[in-house]
Amino acid sequence: MHKALFRPVIALISLTVLAATAGCGSSTSPVRSGSTQANRALHEGPPGKRSLVQWPTKPISFDEASRVGGAGRNTPIEVTTLHGPKSGFTGKVWVWAPPEYYDKRNARKGFPVMEALPGSYGYPVNYWSGTDLALQEHLAQWSENGSSLPFIVVMPVLNPDDKHYYDGSDIPGHPKIGTWLSQDVPDLVRQNFRTLKTRDAWAIMGSSSGGFAALKNVLQHPDTFEVAIPNGPDIVPDSPLWKGHAKEEQENNPEVLARRLMARGGPDVYLAFQDGSREHTVLPKVRTFLAQYGHGPLHTRLQIVPDGTHSAATYVRGLGEGTMRWVSARMQGPTA
């Protein structure tokens, strides 16, 4: 199922991102980078010890990949190459902060974060970062009309190559992609942006193989993520690289992780599934998962997109048709 997803648009997406990144290293610095007096106003001294705000601790320089127009008000999508200190993996990460982040009235506020994972191999690009899907522009519009919180969106590569699927996991003998997604990437955001210390300010979204990674991570790391948006997800691990590692494979199986979370009584997590009505292979498996595990500390919702297919465009529609409103109502908004 993975290999068929988004293959026709991968080349187009790659060209789009390459065109967008052609200006990296230009003299136009993102507002967030902090060298002018106006920028320093966005990074005033940290608030009191009892504040929920997580102040940036180790800011680095990002390159500007592109700008978000429309409701995005020309905000930058930034990119860096992250050398993950915990995973040992090195890969590209794109980050976008919403227009509200740059408003001086919010200069002492921390913002919620969404980690967004692509489908297919998700390498060497992440198709959520400034492509025709216009995720950032949509989120900015939904924030304006009150149907979404203003999220910082972080978009890492999903796999270390385009030859194998790693199930967003630490498969023995291979790059530690699970640690990369659940620790190194969130740490990068905390070190560079005003975030919040509470787990209800962290969500993870993904499509297809990325949807599996989102589902697995919120069940495996509920101390980090409280909300997942699994779009057309796989329900169980299916990477061929698990061969010979059955025990470790089960440690990364959402069904096993869901049973364990239910057995210990929490913490509560929120799973906002999305599927197209024409996803005849995926949708029955999602319904089965919901019937078996959608109770107790697992709070679930299913957004079925009319005439939708196994595609990112379908899932963007679903986000606007109710998913983001449901997710945002369960999360912590910008807080001083």
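Biologist: What is the order of the 9 strands in the open sheet?

Modeller: This is a predicted model in which local features need pLDDT of at least 70 and side-chain atom pairs count only at pLDDT 80 or more, while totals for chains, interfaces and linings use all residues. Residues are numbered from 1 along each chain as its sequence is written, and side-chain values use heavy atoms, without hydrogens and water. Strands are DSSP E runs of at least two residues and helices are H or I runs of at least four, each numbered from the N terminus; two strands pair if DSSP finds at least two bridges between them. With mixed pairing, the open sheet has the order S2-S3-S4-S6-S5-S8-S9-S10-S11.

Biologist: Which strands stand at the edges of the sheet?

Modeller: An edge strand here has a single partner strand, so one of its sides is left without a neighbour in the sheet. This applies to strand S2 (63–68) and S11.

Biologist: Which residues of S6 are buried on the side other than that of Ile152, Val154 and Pro156?

Modeller: Buried means under 20% relative accessible area, exposed means over 50%, and partly exposed lies in between (1.4 Å probe, protein chains only). Strand S6 (residues 152–156) is largely enclosed by the rest of the structure, because 5 of its 5 residues are buried. In a regular strand the side chains alternate between the two faces of the sheet. Both faces of S6 are covered, one by the buried Ile152, Val154 and Pro156 and the other by the buried Val153 and Met155.

Biologist: What is the handedness of the β-α-β unit made by S5, H3 and S6?

Modeller: A crossover is right-handed if, with the strands pointing away from the viewer, the path from the first strand over the helix to the second runs clockwise. The unit made by S5, H3 and S6 is right-handed.

Biologist: What is phi of alanine 134?

Modeller: Most residues other than glycine have a negative phi, and most peptide bonds are trans. The loop between S5 and H3 holds alanine 134, which is partly exposed at a relative accessible area of 22%. Proline 124 is found in the loop between strand S5 (113–117) and helix H3 (135–144), and a cis peptide bond with omega of about 5° joins it to tyrosine 123. Although alanine 134 is not a glycine, its phi is positive, about 55°.

Biologist: Is aspartate 307 buried or exposed?

Modeller: Aspartate 307 lies in the loop between strand S11 (298–305) and helix H9 (312–328). Its phi is positive, near 60°, in a residue other than glycine. Its relative accessibility is 54%, so aspartate 307 counts as exposed.

Biologist: What is omega of the cis peptide bond that joins glycine 266 and proline 267?

Modeller: Proline 267 lies in the loop between helix H7 (254–263) and strand S10 (269–276). The bond joining it to glycine 266 is cis, and omega is about 10°.

Biologist: Which residues in H8 meet H7?

Modeller: The axes of H7 and helix H8 (residues 282–293) are 11 Å apart, at an angle of about 20°. That makes H7 roughly parallel to H8, since angles under 35 degrees count as roughly parallel, over 145 as roughly antiparallel, 65 to 115 as roughly perpendicular and the rest as oblique. Pro254, Glu255, Ala258, Arg259 and Met262 in H7 meet, in H8, Phe289, Gln292 and Tyr293.

Conventions:
Axes fitted to C-alpha atoms, helices over the stretch in contact; angles between N-to-C directions. Contact = heavy atoms within 4.5 Å.
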